[in-house]
Structure formats: structure tokens, C-alpha cells
Amino acid sequence: MANLNKTGVVFDIQSFSTHDGPGIRTIVFLKGCQLRCHWCANPEGQNVFPEVFYHAMNCVGCFECIQKCPLDAITRAEDEQKNKGFIRIDRSKCRHCPQLDCVQACFNDALKITGKIMRVDEVMKPVMRDKPYFRDNGGITLSGGDPFFQHDFAMEILKACKENYIHTAIETEAFAAYEKIEATFPYVDLYLCDLKIMDPAKHQQFTGVSNKRILENIKKMAAAVPSKVLIRVPVIPGCTDDVENIRAIAAFTRENNLTRIHLLPYHKLGQPKFEQLGREYPMPDVQPPDKGQMEALKQVVEEEGVVCVVG
Ligand code: SF4
Ligand code: SF4
């Protein structure tokens, strides 16, 4: 039986998604990830704790938040201006106080919290509401972050879904200890495994971790539950999009008897979120790949005998 009282940190729940798994899906985004990919589309999912988003465009410079912060984490910006904002948050001082005094003080929606502690039964409420729309092949997808970062919480959500006959998918970096991944086999119908870069040094450079454990985990998963594993490759210009890398990923996929790869073109949706979290976006000048490049890379995958879908 699922423990419906188990709690974890969730930063979003999106209904009626047609991405990230088959059919119509409810996506539950869990906070926490061990990777730090330069192109991350959900940087608010990296740290497991709740964080403050600062929307500079909404800020009018009333400085109410400065008065309310008990830790003096907020100060006036030295170069006050509308598009860069009137305040600065010292993230090293902010302790994400439970009462969120700064967020409460802001009447202009310039400060928002990302990340909420929720129980499994609270997560299941919107999922059960959406269930009639899942029909035959839709369901829930746990995303993030990497859902394995909050393994115990993810397990209870997955169990609750299975108890309600709901199809389950996990979007993962496959970086967790293998035993944690293996423990979810009875409760997961589909693993959407990100595989980004085959060259170990480049992987370390662009994600902050080695790819050794990821490759080992995917090999073991492919041997144990091959029909449940789908490889997804974010196509990031200058990082993952060289033909050698895509060919090597396709060969690895084939050698491990997996049959499908999805190529996901880079987009810049993460950039404003980096800025709202007070972090520098590592690749401001990179532009999304064009349709011709995506088609050419699809052909490279298919030349290796692997079925390829773009998007
Ligand atoms: S973030 Fe909100 S409370 Fe703080 S100065 Fe801006 S408008 Fe005022
Ligand atoms: S969350 Fe709390 S500690 Fe952090 S900046 Fe806001 S008031 Fe200060």
C-alpha cells in the first residue's frame, strides 16, 4: 500500500500535457537533481529546497520585502532599473524561511516561491481529477529535476498510481544508484532516459558529472526491462549536436538492444528562470537548431538502425 502521508518537494503539476510520454499526461515536477546541465530548462528543479523567484519586470521598488526579511538577505540594487530590478537577493543568506516573509510582503507578484512541500495524497488529487482524460495510454509522468533525487517520495506516488491503474512514466537522468532505479521497476511503465554526451570529459564539462554511472545504469535497465526504456537526447548546439556524439549514442542504443531515440531540440525557456533565480545563464548566445539540422541528425540515428523521432 502506498504511504499517502509521505511528503516531498514539488515545483509544478501540469495537466493535459502531450509531451513526456504517450497520450494525455499529468506531469508532476519534483525538485532535486545532481546534474547541472548548462542548458537546463527547469533550473528551479535543481535544488531540492524551495527557492524565491524574482520577477524584476513586476517590481516597482517599494522595498517592503527588504523590511520583512529576517536575515537581511535582500538589499537595494546598486544599479536600480526596471529591467534588471530594484533589489538583490543574497542567495547565500536566504534560508527559505517557512513563512516566506518577502513573498508575503510583495503585492506586485515580483516575488514568488518555487517548490512546495506536498503529501502524496495532495499530489494524487489533480492526478485523479485528470484520470478520465488519460483514456487507454495516457497517465502520469514524474519529471524534475530528477525524480530519483526524492526516491522515497517518488516511490509512494508511483505506488499510489498503480493502485489506481494509472500508466506511469519517469523522466530521468539515470544518475541514481542502480538499486533505487531497480526498486521502481514494478511501478513504472516507461523510463524516459536522458542521454546527452558519450565523451566523458565533455559530459563532465557540460553537466557537472561523469557519464560513467549513467551509461552503466542504462545498460542494466536495457537488460532488465528493455521495452520500458526510451532514450532521449537534448540537441544542444556546441554541446551535444555533433554527428560523432549522436552516432555514438545511437550505436550505444542499438548495442543494448534498445530500439528508439527521441531527439529534443534545444529551446531557451530556461534562460529567464536562471535570471529569476539570480543565476547566470551559461549559454546566452546559443540558438535553437533549425529543422534541417534536426532532420540530418535523425538520419544519422536511423543509419545506425534505431527508430528516431524529433520532438
Ligand atoms: S520585490 Fe515586491 S516588495 Fe520587493 S521591492 Fe519589488 S515590488 Fe516591492
Ligand atoms: S525567503 Fe525568507 S530568508 Fe529568504 S529572502 Fe525571503 S524573507 Fe529573506
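Colleague: Leaving aside neighbours within four places in sequence, which residues is His55 in contact with?

Modeller: Bear in mind that this is a predicted model. His55 sits in the loop between S3 and H1. Setting aside the residues within four places of it in sequence, His55 is in contact with Asp109, Ala110, Lys112 and Gln276.

Colleague: Is His55 buried, exposed or partly exposed?

Modeller: Buried means under 20% relative accessible area and exposed means over 50%. His55 has 21% relative accessibility, so His55 counts as partly exposed.

Colleague: Which residues are closest to ligand 1?

Modeller: The space that ligand 1 takes is the second largest cavity. Around ligand 1 there are 13 residues. By class, this shell has 10 nonpolar, two polar and one charged residues. The closest are Cys59, Cys62, Phe63, Cys65 and Cys106.

Colleague: Then which residues surround ligand 2?

Modeller: Ligand 2 takes up the space of the largest cavity. Its shell divides into eight nonpolar residues, one polar and one charged. The residues around ligand 2 are Val52, Cys69, Pro70, Leu71, Ile74, Cys94, Arg95, His96, Cys97 and Cys102.

Colleague: Let's turn to the backbone. Which peptide bond is cis, with omega near 15 degrees?

Modeller: Look at the loop between S8 and H4, where Gly145 has its place. The cis bond there, with omega near 15 degrees, runs from Gly144 to Gly145.

Colleague: What is phi of Asp72?

Modeller: Asp72 lies in the loop between helix H1 (64–68) and strand S4 (74–81). With a relative accessible area of 52%, Asp72 is exposed. Its phi is positive in a residue other than glycine, with a value near 55 degrees.

Colleague: What is phi of Asn257?

Modeller: You will find Asn257 in the loop between helix H8 (243–255) and strand S12 (260–265). At 64% relative accessibility, Asn257 is counted as exposed. Here too the residue is other than glycine and phi is positive, near 60 degrees.

Colleague: Is His203 buried or exposed?

Modeller: His203 belongs to helix H6 (residues 200–207). Leaving out neighbours within four places in sequence, His203 is in contact with Ile197, Gly208, Val209, Ser210, Asn211 and Ile214. The relative accessibility of His203 is 1%, so the class is buried.

Colleague: Now the whole chain. What is its radius of gyration?

Modeller: The protein chain has 10 helices and 13 strands. For 311 residues the globule rule gives 19 Å, and the value for this chain is close to that, so the chain is as compact as a globular protein of that length. Along the principal axes, the C-alpha trace spans about 60 × 45 × 30 Å. The radius of gyration is 21 Å.

Colleague: Finally, what percentage of the residues in the protein chain is buried?

Modeller: Among contacts with a separation of 6 or more, residues 24 or more positions apart account for 70%. Of the 311 residues in the chain, the buried ones make up 52%.

Conventions
Residues are numbered from 1 along each chain as its sequence is written. Chains are lettered from A and ligands numbered from 1 in the order in which they are written. This is a predicted model: local features need pLDDT of at least 70, side-chain atom pairs count only at pLDDT 80 or more; totals for chains, interfaces and linings use all residues. Side-chain values use heavy atoms; hydrogens and water are left out. Helices (H or I, at least four residues) and strands (E, at least two) are DSSP runs, numbered from the N terminus. Buried means under 20% relative accessible area, exposed over 50%, partly exposed in between (1.4 Å probe, protein chains only). Contact means heavy atoms within 4.5 Å. A residue is near a molecule or strand if one of its heavy atoms lies within 4 Å of it. On a 1 Å grid over the protein atoms alone, a cavity is a set of points where a 1.4 Å probe fits but cannot get out, and a pocket is an open set with protein on both sides within 12 Å along at least five of seven lines; lining residues have an atom within 4 Å of a point. A molecule sits in a cavity or pocket if more than half of its atoms lie within 2 Å of its grid points. Ala, Val, Leu, Ile, Met, Phe, Trp, Tyr, Cys and Pro count as nonpolar, Asp, Glu, Lys and Arg as charged, and the others, Gly among them, as polar. The radius of gyration is taken over C-alpha atoms; the globule rule is 2.2 Å times the number of residues to the power 0.38.
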